[in-house]
Amino acid sequence: MIPFQDLKTSNSALMPELIEAAGRVIRSGWYINGPEIRELEDILSSEIGSKYCVAVSTGLDALRLIILGYKELGILKDGDEVIVPANTFIATFLAVTSCGLTAVAADVDETTFCLVPDKLPVTARTKAIISVHLYGNPCWSHIFHDLHEKGILIIEDNAQAIGASSSIKGFHNSRKTGNLGDAGAISFYPAKNIGALGDAGAVTTNDEALAKVVRQLANYGSSEKYHNTLCGFNCRMDELQAALLKVKLPHVGEIIEERHKKAILYDSLISNPEIIRPAIADDGAIQAWHQYVVRHPRRDELRKYLQENSIATEIHYPVACHKQECYIGNPILKTYGSLEIAERLAEEVLSLPIADVSDKEIEQIAKIINSFS
Ligand SMILES: *Cc1c(COP(=O)(O)O)cnc(C)c1O
């Protein structure tokens, strides 16, 4: 069986350093809000290029803290509309709706799988847009800069795209995702490109006021122990995860390059005419290839065929977010117009193994795919 992803493999490769890092934290006797977190935040802000970084508990909390931070700053308020791509992991929607704002589901592009910047359902009530760099594909455009100028916040869901970058002619040279909009959220969920050995996340931003309020909110609303200026939460990353992530982060460039080579190999080998392969960016962007996602009109049959031939696949995602039971008939989620492409993608997308497969296995997978009719 070729597994979809084997977390043991990638973590085993770094075993001595991970054990050394864990031992250092255990011996230190300092487990929360210590030197590992500060160092990780410095490494992360230089990786992303952002002025500020706050290490937090999860990717979902990173998104929530950005929204709650803007609420504290008086920039967002209950009921404000936030545009979110209908084809994303549910956490993007939950971040909006759990903070009392209204999520507006928008359709996506069938080749990039992301929001279509010139077809956004922007209204007078739109106060923010969450650009999700889905599957590691940077979703950016000069239109986001224009909308930002008009006072709309552009929040990046960078959960799947750490290390990716975008360049826009006439606007900016290559800039990392997480440093494109007003603020970005990273997830270090174990299966992400850089995974912790548990839950972890981070907020990146160039906005000093936001960074400060996010840090406070994540720490009971206080910056001085036992003095609470805000009604906050406990959304901190712990020292152990920070130490482990410090071992993994220096490899982000290699990991993406490796995945890019595998994507190119799949692209050159898959010739089944019914398969639609994912677009490979030709505009100077760097894609993080969190997933390699193909489409087929009879996706479920293809998946079964691959399974019978010992190849594991996944579906990201089988149900468009606006069709999730929690949102059916729930006024916290709105839609303007059709979400036809997102709904079709839910029926057609199939993620092939990319994380821990060898070139030989990719050849094998492509051969099986090409023999499917
Ligand atoms: C993983 C993910 C999240 C949430 O991250 P967690 O660390 O699991 O909370 C949010 N958005 C997207 C697009 C994700 O893939």
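The model is predicted, with local features needing pLDDT of at least 70 and side-chain atom pairs pLDDT 80 or more, while totals for chains, interfaces and linings use all residues. Residues are numbered from 1 along each chain as its sequence is written, and side-chain values use heavy atoms, without hydrogens and water.

The structure holds 2 cavities of 30 Å³ or more. A cavity is a set of points, on a 1 Å grid over the protein atoms alone, where a 1.4 Å probe fits but cannot get out; lining residues have an atom within 4 Å of a point. Points are joined across faces, edges and corners, and a volume is the space filled by probe spheres set on them.

| Cavity | Volume |
|---|---|
| Largest cavity | About 70 Å³ |
| Second largest cavity | About 50 Å³ |

Residues that line the largest cavity include Phe113, Tyr135, Pro278, Trp289 and Gln291. Its lining divides into 8 nonpolar, 4 polar and no charged residues. Here Ala, Val, Leu, Ile, Met, Phe, Trp, Tyr, Cys and Pro count as nonpolar, Asp, Glu, Lys and Arg as charged, and the others, Gly among them, as polar.

The second largest cavity is lined by Phe4, Gln5, Ala191, Arg259, His290, Gln291, Ile354 and Ala355. That lining has 4 nonpolar, 3 polar and 1 charged residues.

Tyr31 is found in the loop between helix H2 (15-28) and helix H3 (35-48), helices being DSSP runs (H or I) of at least four residues, numbered from the N terminus. Tyr31 counts as partly exposed because its relative accessibility is 43%, between buried (under 20%) and exposed (over 50%), with a 1.4 Å probe and protein chains only.

Notes:
On a 1 Å grid over the protein atoms alone, a cavity is a set of points where a 1.4 Å probe fits but cannot get out, and a pocket is an open set with protein on both sides within 12 Å along at least five of seven lines; lining residues have an atom within 4 Å of a point. Helices (H or I, at least four residues) and strands (E, at least two) are DSSP runs, numbered from the N terminus.
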